[in-house]
Amino acid sequence: SVTEKQEISVELLKQITQFNNEAGPSEPQDKIVKFKKWFWGIVERMSVTEKQEISVELLKQITQFNNEAGPSEPQDKIVKFKKWFWGIVERMSVTEKQELVYFWTSSPALPATEEGFQPVPSITIRPVSDNQLPTANTCISRLYIPLYVSKSTLKTKLLIAIKTEGFGFCLDSRTFCFK
């Protein structure tokens with residue numbers, strides 16, 4: 001029996017071969033753009049077909065926390081924030097957990113052991129701000145989350161952030177986004 005992933009792979013190879021046979025050096029730009037959209041759609045379908053459960057327990061064990069919320073924030077507030085975060089993650093669907101890990105690390109899955117994850121995932125708790133979304137630096141597997149005032153705000157902002165397609169970077173105080 002042929003799996004959906006194998007069928008997609010065969011379809012992808014056929015389309016690439018057909019495109020290479022038909023494309024010439026003067027190929028219209030719109031055809032190339034359409035091909036790229038189609039290609040990345042197939043790649044996305046392939047990555048979504050396998051829903052691997054994310055081990056929240058492993059993630060809890062290996063994640064390091066950094067507190068940049070400020071010295072005026074009481075420690076019990078930081079502890080409560082960590083509980084909120086893990087409670088939200090535990091209740092996420094398989095897909096949302098994958099989206100979180102991908103947003104955080106640029107990998108859709110966790111390695112089998114702590115040793116397999118380099119750099120080790122970390123979360124930096126930023127100063128209180130209900131106006132900012134969480135951000136991530138995937139190069140160092142670091143998630144930056146403002147110290148939100150409520151669990152519901154944390155959940156809402158986290159889900160918005162992980163479901164945002166594309167990425168950005170800062171250069172000369174301007175943000176560039178790519179999709």
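Mentor: Before we look at this predicted model, keep one cut-off in mind: a residue counts as buried when its relative accessible area is under 20%.

Trainee: Which residues of helix 6 are buried?

Mentor: In helix 6 they are Thr 153, Leu 154, Lys 157, Leu 158, Leu 159, Ala 161 and Ile 162, and for each of them the relative accessible area is therefore under 20%.

Trainee: What do the buried residues of helix 6 pack against?

Mentor: They pack against helix 4, helix 5 (94–105) and strand 4 (142–146).

Trainee: How do you know that the span of helix 6 agrees with its number of residues?

Mentor: Helix 6 covers residues 151–163, which is 13 residues, and at 1.5 Å a residue it should span 18 Å.

Trainee: Why is the aromatic pair of Phe 81 and Trp 84 called tilted?

Mentor: Ring centres have to lie within 6.5 Å to pair, and here they are 6.3 Å apart. Planes under 30 degrees apart would be stacked and over 60 edge-to-face, while the angle for Phe 81 and Trp 84 is 55°, so this pair falls into the remaining class, tilted.

Trainee: Where do Phe 81 and Trp 84 lie?

Mentor: Both belong to helix 4 (residues 75–90), and they are 3 residues apart, about one turn of the helix. In general, an α-helix has 3.6 residues a turn, so residues three or four places apart point the same way. Phe 81 and Trp 84 are also both buried.

Trainee: What makes the pair of Phe 85 and Trp 86 edge-to-face?

Mentor: Their ring centres are 4.9 Å apart, and their planes stand at 75°; an angle over 60 degrees counts as edge-to-face, so that is the name this pair receives. Phe 85 and Trp 86 are each buried as well, and together with Phe 65 and Trp 104 they form one aromatic cluster.

Trainee: How many aromatic pairs are there by this rule?

Mentor: The count comes to 4 aromatic pairs.

Trainee: How many helices and strands does the chain have, and what share of its residues is buried?

Mentor: The chain has 6 helices and 6 strands, and 31% of its 179 residues count as buried.

Trainee: What is the average pLDDT of the chain?

Mentor: The average is 78, and 63% of the residues score at least 70. Over residues 169–179, however, the pLDDT is below 50, although this stretch has 14 contacts in the model beyond near neighbours in sequence.

How values were computed:
Residues numbered from 1 in each chain as written. Predicted model: local features only at pLDDT ≥ 70, side-chain atom pairs only at ≥ 80, totals over all residues. Heavy atoms only, no water. pLDDT = per-residue confidence, 0-100. Contact = heavy atoms within 4.5 Å. Helix = DSSP H or I, 4+ residues; strand = E, 2+ residues; numbered from the N terminus. Buried < 20%, exposed > 50% of the residue type's maximum accessible area, 1.4 Å probe, protein only. Phe/Tyr/Trp six-rings, centres within 6.5 Å; stacked < 30°, edge-to-face > 60°. Expected span 1.5 Å × (residues − 1).
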